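Subject: Structure handover

Hello,

Here is the structure I promised to pass on. Please open it alongside this email; my notes follow below.

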Amino acid sequence: MPHARNRNPSPIPEVTWDTGLKEMNETWKGAIACLGVAVFFVMTIGIIYWQVVDQPNKNWILRGTFSGLIWERRTHSLVIQTLTEDKTYVEIDVGNVGNPDIEVPFVRNLCWLNKTEFCYTWDSVAEVKISLEVIEETETECYSMTWAPVHCHVELKDCFSMTNVSWYGGASVRGQTWPINDQNATMQPFIVSDLRDNPSGFGSALERYFLGSSGVAVLVSPDIPLQLGVDSRQQFCLQSLPSMERLPLQYTVCVAHNVKAAHQEAVQQLSQPGRELPNMKALWLPFWKLLTNVDSGPKVERELRIFSNRLKRHQLGEGVISLNEHSTTLLSDMDHDYLNIRKRGMSKRLTRDLPLVKLLNISITLSPFLGVDTTQFHTSLMDGTEAYWLSLPSAPQGQLIPVMSQWRGKFCVKLNITNPGAVSWFLDRVGSLQAHLGMEYIMLEGGEGNLFEEQALRPPQALGGDKYISLLADLATRIGDSTIMTAGTRSSHKPLFVRMTPLQSDWSPMGLKGIIPSLLHHTLLGYNFLIPDAVGGSLSGDLVTDEELFIRWLEIAAFLPVISFHTPPWICGEDRVLNLTQTYIAKHQRDVVPLIEKYAEEWQMTGNPIYRPMWWLSPSDPMTFTIDDQFLIGDEVLVAPVVEKGAVKRDIYLPDGGFQWQDSQNAQVFDGGTFLQDYPVPLEEVAVFLRRS
């Protein structure tokens with residue numbers, strides 16, 4: 001019988017095999033685990049290295065047709081560049097959002113699948129939304145930015161770099177510069193203030209608009225409270241006000257191929273419907289300030305007679321005699337019934353004895369202030385019209401108490417311009433003065449500043465920020481197109497004149513050197529119809545005795561819209577200065593006014609300024625970006641006055657635009673792009689070049 005076959009011939013027992021396999025698996029598991037740890041460690045090091053060292057600094061956020069918005073992680077900046085990255089339009093430092101010590105390596109768009117919008121939340125502090133609009137007609141691209149705080153009392157602040165960019169616009173300041181890169185202003189409310197009371201504030205012409213020489217325009221939302229600070233040559237910063245309302249910071253950045261194109265697009269976005277011209281007859285008339293310190297209306301009239309006769313004797317009779325607010329008040333308080341007793345056939349002797357107020361071309365000065373010691377104010381308290389003055393309730397439902405302030409050294413109340421009854425009262429007062437005095441021109445002073453904010457009071461919503469000066473411009477428009485304002489904001493389209501800030505009687509940037517930068521600043525913002533400060537300066541109130549300063553100032557003023565005088569020319573000498581005054585007034589009327597009228601029509605249609613910087617004709621030429629002592633009238637006349645004491649030569653740059661320039665004095669012709677060094681300009685002359693095609 002055969003033996004049965006053994007089914008397990010292996011000499012190794014099964015139990016032994018299983019144990020060896022388990023030992024082997026544990027060894028491999030350990031090796032794999034170690035390898036995994038090593039790979040994880042290497043990946044961690046790689047990720048850290050990639051984030052800290054090797055990650056690209058730039059992160060494209062939005063792309064247009066020729067420009068794009070970039071996040072730069074190391075500088076915490078938003079940068080607008082060309083798509084080819086060969087030109088930077090603007091760099092905006094947003095490092096204060098979130099924690100500036102923590103580097104944000106990458107920003108991720110939360111506006112999914114939308115190539116024209118970008119959304120992001122910064123460190124649970126602020127949300128930003130950016131939208132891109134491509135304007136094909138003007139080849140412009142605009143980035144609208146809205147920063148919204150997530151929590152109350154968050155302060156938002158964006159700073160625009162001045163490196164390699166010349167900036168223009170914003171607000172007038174004492175010692176105006178062109179461009180604004182050399183200015184220095186502490187962070188403060190961006191509203192119109194009276195520079196006499198607040199020399200370091202913002203005044204005169206103010207718009208929420210900034211223009212950069214790289215071809216960038218910044219337009220800030222008009223209705224949101226805002227602060228502005230300027231660090232000389234470094235940056236200017238826009239800052240929101242921290243509040244319970246979580247106020248946003250909103251602005252639009254438009255880029256174009258050059259600075260002129262950027263400005264022209266910005267004007268279309270800024271402009272109100274319909275630009276109206278003021279009374280252009282004023283351009284033909286020099287303004288003469290009546291310097292008098294008398295205490296009655298008859299004495300004012302006597303001074304008017306004497307001054308008028310002297311102007312006529314010196315062949316300077318055609319003009320406007322300007323009265324200050326004190327003289328205006330004295331005249332308005334008089335009984336003018338005698339002005340109505342003139343009858344046909346009255347003897348010449350009696351006619352000569354009549355006051356000349358109605359027979360003269362005068363301008364008066366008014367303000368929205370009323371002295372608390374006047375009968376008019378006491379009457380308003382008695383008849384229940386105290387709401388005619390800016391007031392606050394004594395309790396939540398209490399009686400209105402007028403807010404007191406100071407104006408020209410007296411305690412006053414200020415007209416409540418939001419009250420229709422108060423506006424009607426003021427207009428009736430102007431009408432009464434018109435009937436009594438027959439004046440055509442009215443200077444409205446005192447609209448600057450915010451009475452509530454200056455006294456740390458919460459203003460009514462209708463009068464926040466600089467809304468008062470805007471409403472005063474509406475009132476001025478109702479008075480007529482011969483009204484002169486001392487400041488303007490959002491009113492450049494109205495038929496009004498704007499008086500430039502008074503200047504010192506010297507050669508400094510706060511004096512003579514400040515005229516042209518201030519002129520270019522005003523007209524860039526749309527305020528073309530200017531009443532410049534008086535020849536020689538008027539800030540101190542003293543008469544000018546420096547003959548050279550008077551002449552050089554007169555030469556500039558002859559090319560401005562209006563020539564105004566504080567110091568009569570006969571003070572500086574009966575012959576030379578007086579003859580030059582007659583000559584330049586005639587030149588202004590013959591050559592300059594027709595040119596202004598011509599380009600005023602262009603301004604109405606396009607918004608292009610009448611007075612233009614050098615880069616207007618050569619917007620890609622860096623040489624033109626910082627020239628602050630020359631200006632253009634339209635596209636055809638270049639004026640290069642002397643602004644240095646004792647100089648009879650100066651450097652002149654003629655912008656290039658494919659044309660030539662001809663000296664109006666000697667008919668010499670130069671090519672555009674020519675730099676004239678030490679060009680002779682004698683004391684009694686001003687360098688003027690005419691464009692030749």
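Start with T328. Beyond its neighbours within four places in sequence, T328 is in contact with L323, I364, T365 and L366. One caution before going on: this is a predicted model.

T328 belongs to helix α4, which covers residues 325-332. Is T328 buried or exposed? T328 has a relative accessibility of 1%, so it counts as buried. Its side chain also reaches back to the backbone oxygen of N324, at 2.9 Å.

Next, S391. This residue sits in strand β20, residues 391-393. S391 has a relative accessible area of 13%. The cut-off for buried is under 20%, so S391 is buried. Which backbone oxygens does the side chain of S391 reach? One is that of E386, at 3.5 Å. Another is that of W389, which lies 2.6 Å from a polar atom of the S391 side chain. Setting aside residues up to four places away in sequence, S391 touches E386, L400, I401, P402, V403 and F452. N416 is 25 residues from S391 along the chain, yet their C-alpha atoms are separated by 7.9 Å.

Now a sheet. Six strands make up an open sheet, in the order β29-β30-β31-β36-β33-β34, with antiparallel pairing. The edges are β29 (611-612) and β34 (669-671). Each has a single partner strand, so one side of each is left without a neighbour in the sheet. Within this sheet, β30 (residues 631-633) pairs with β31 (residues 637-640) over three bridges, in the antiparallel sense. L632 stands opposite L638 of β31.

On the surface, look at L291, L543 and I571. They form a nonpolar patch with about 230 Å² of accessible area together. I571 lies in the loop between β28 (564-565) and α12 (576-606). At 39% relative accessibility, I571 counts as partly exposed.

Finally, the whole chain:

- The secondary structure comes to 12 helices and 36 strands.
- The protein chain has 693 residues, and 52% of them count as buried.
- The chain exposes about 32300 Å², with 53% of that supplied by carbon and sulfur atoms.
- Take the contacts between residues at least 6 apart in sequence: 65% of these join residues at least 24 apart.

Best wishes

Key
Residues are numbered from 1 along each chain as its sequence is written. This is a predicted model: local features need pLDDT of at least 70, side-chain atom pairs count only at pLDDT 80 or more; totals for chains, interfaces and linings use all residues. Side-chain values use heavy atoms; hydrogens and water are left out. Helices (H or I, at least four residues) and strands (E, at least two) are DSSP runs, numbered from the N terminus. Buried means under 20% relative accessible area, exposed over 50%, partly exposed in between (1.4 Å probe, protein chains only). Contact means heavy atoms within 4.5 Å. Accessible areas come from the Shrake-Rupley method with a 1.4 Å probe; for residues, only the protein chains shown count as cover. Two strands pair if DSSP finds at least two bridges between them. A polar contact is a pair of N or O atoms within 3.5 Å; within protein, one must be able to donate a hydrogen and the other to accept it, and residues adjacent in sequence count only if both atoms are side-chain atoms. Patches are made of residues with over 30% relative accessible area and no salt bridge: like charges are joined within 9 Å, nonpolar side chains (Val, Leu, Ile, Met, Phe, Trp, Tyr) within 5 Å. A salt bridge is a side-chain nitrogen of Lys or Arg within 4 Å of a carboxyl oxygen of Asp or Glu.
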